[in-house]
Structures are given as structure tokens and as C-alpha cells.
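This report describes selected local features of one structure. The sequence and coordinates are shown first.

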Amino acid sequence: MQPQEQTPLAGLRVLVACEFTGTVREAFRKLGADALSCDLLDTEIPGAHYQGDVRDLLRDGLWHLMIAHPPCTHLAVSGARWFGKKQAEQAAALDFVRCLLDAPVPHIAIENPVSVISSKIRKPDQVIQPWQFGHGETKATCLWLRNLSPLTPTDVVDGRDARIHKMPPSADRWKLRSRTYQGIADAMAHQWGIQCMTKLNGSST
Ligand SMILES: C[S@@+](CC[C@H](N)C(=O)[O-])C[C@H]1O[C@@H](n2cnc3c(N)ncnc32)[C@H](O)[C@@H]1O
């Protein structure tokens with residue numbers, strides 16, 4: 001195998017915002033991308049990680065691609081019964097999403113569950129499910145895209161378990177619920193990574 005085939009994303013600068021697991025970051029790095037994860041929390045998988053506010057890193061020209069997983073606590077429709085008491089928190093959460101959507105990065109994907117982003121900002125460009133990417137589970141995941149094509153399902157499987165929905169209450173429930181599925185992370189790296197590289201190789205920058 002030629003070195004270029006092993007690292008097809010060499011030279012691609014990717015910011016994975018609001019990721020503590022390192023799942024998407026490592027999927028990109030496996031293909032040779034210069035990927036950095038960023039979160040207020042430390043990274044679970046040791047590696048290229050900035051622990052701090054992602055807004056510190058949103059400078060013009062730094063990144064070719066950003067994939068962001070902003071907190072959904074005050075946005076997800078599943079928590080609608082609390083919205084009345086949390087209007088200030090929801091407004092701040094929406095401002096954060098707007099900041100990510102408007103970031104000076106040419107290719108952007110924002111990921112969130114079914115949420116008020118759809119009614120307050122705009123409808124998602126795509127809704128995917130884990131069962132389309134090799135995991136026999138349901139969890140509708142919305143994607144808001146800038147200069148990226150919708151993901152093509154990679155491995156449609158039979159299972160339709162609502163595992164995430166059925167998780168019992170616990171201190172780290174939000175962490176368990178929010179982890180990106182490996183099959184989706186791999187699809188992002190393969191499909192969006194190659195798409196960005198094609199653009200990059202066709203331009204002079
Ligand atoms: C829904 S979780 C996303 C988890 C992700 N899917 C993963 O696999 O690691 C949202 C994350 O956003 C982080 N976060 C919140 N505000 C942030 C900020 N201003 N800058 C960076 N990360 C932030 C939280 O700490 C939390 O880990």
C-alpha cells in the first residue's frame with residue numbers, strides 16, 4: 001500500500017468541538033488528518049485535545065473542517081417539560097449553536113438530537129440513525145451542514161433497540177447518552193474527510 005493510501009487525509013485540519021470521548025477525533029487521525037478534539041472536560045482517549053472553550057479556537061484560517069456536538073440539555077425536545085423554567089439557559093445554548101454555525105470554517109457539521117434548533121434557527125439538513133451505521137439502535141441524530149453532503153449510510157442493520165432512551169437515571173447518564181457511535185464517527189471521517197480533501201487539492205490554499 002502506498003503511504004498516501006494509508007493517510008488519505010494528510011494535511012486536513014479538523015476541529016472536533018465539544019468532544020470528551022475522542023471518538024471522532026481518532027476516526028480522522030486514523031486516516032492521517034491533523035485532528036484536534038476540544039471540550040471543557042479532559043479527553044477519555046489520550047491524544048490531541050484542547051481542554052477549554054472551543055470559542056478560543058475559532059480563528060479564521062485555522063481549520064478546514066469542524067464537527068461540533070454542542071450540549072443539548074436545554075435544547076432537546078425530550079426535555080421540553082423543563083423549557084418554561086429555563087428560558088435564559090435555552091437562549092444561551094442557542095447563541096452557542098449560532099456561534100458554531102457562523103464559525104470561520106469552510107466546512108461545518110453540527111450534531112444534536114431532535115431539538116429546538118430546528119424551530120429557533122433552522123431545520124437540519126439530515127436526520128440519521130445508528131442502525132444506518134452498524135449499530136442496532138434508534139437515536140434520531142440531526143445534522144446541520146455547511147458545504148458538506150449528507151452522510152450515506154454505511155451498514156444498515158436490523159436491530160431497533162431504544163437503548164439510549166431506556167437508560168436508567170444515573171450521575172453520568174448524560175455522558176453515556178451523548179457518546180458518538182463509532183460507525184457514525186467512521187462515516188464522518190471517510191466521507192466528509194475525503195470530500196474536504198478533494199476540495200483542498202483542487203484549490204491553491
Ligand atoms: C453532548 S456532549 C458531546 C459528547 C460527544 N458526542 C462525545 O462523544 O464526546 C457536549 C459536550 O460539550 C462540552 N462543552 C460545553 N460547552 C463547551 C464549550 N464552550 N467549549 C467546549 N466544549 C464545551 C461539554 O463539556 C460536553 O462534554
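A residue is called buried if 20 or more other C-beta atoms lie within 10 Å of its own, exposed if 12 or fewer do, and partly exposed in between, with C-beta atoms placed from the backbone. The model is a predicted one: local features need pLDDT of at least 70, side-chain atom pairs count only at pLDDT 80 or more, and totals for chains, interfaces and linings use all residues. Residue numbers start from 1 along each chain as its sequence is written.

Helices (H or I, at least four residues) and strands (E, at least two) are DSSP runs numbered from the N terminus. Gln 6 belongs to helix α1, residues 3–6. Gln 6 counts as exposed because it has 11 C-beta neighbours inside 10 Å. Between Gln 6 and Leu 31 the C-alpha to C-alpha distance is 6.6 Å, at a sequence separation of 25 residues.

Most residues other than glycine have a negative phi. Two exceptions are tabulated here.

| Residue | Phi | Loop |
|---|---|---|
| Asn 147 | about 55° | between β7 (141–146) and α5 (163–166) |

Cys 18 is buried, with 20 C-beta neighbours inside 10 Å. Asn 147, with 14 other C-beta atoms within 10 Å, is partly exposed.

Cys 18 is also among the residues that come nearest to the ligand, together with Thr 21, Val 54, His 69 and Ser 178, out of 17 around it. A residue is near a molecule if its C-beta atom, placed from the backbone, lies within 6 Å of it. For residue classes, Ala, Val, Leu, Ile, Met, Phe, Trp, Tyr, Cys and Pro count as nonpolar, Asp, Glu, Lys and Arg as charged, and the others, Gly among them, as polar. The shell around the ligand has eight nonpolar, five polar and four charged residues.

Helices α2 (residues 23–30) and α7 (residues 182–202) pack with their axes 9 Å apart, at an angle of about 45°. That angle makes α2 oblique to α7. Angles under 35 degrees count as roughly parallel, over 145 as roughly antiparallel, 65 to 115 as roughly perpendicular and the rest as oblique. Axes are lines fitted to C-alpha atoms, for helices over the stretch in contact, and angles run from 0 to 180 degrees between N-to-C directions. On the α2 side, the contact (C-beta atoms, placed from the backbone, within 7 Å) is made by Thr 23, Val 24, Ala 27 and Phe 28. From α7 the contributors include Gln 182, Asp 186 and Met 188. By class, this contact of α2 with α7 has six nonpolar, three polar and one charged residues.

Technical notes:
Two residues are in contact if their C-beta atoms, placed from the backbone, lie within 7 Å.
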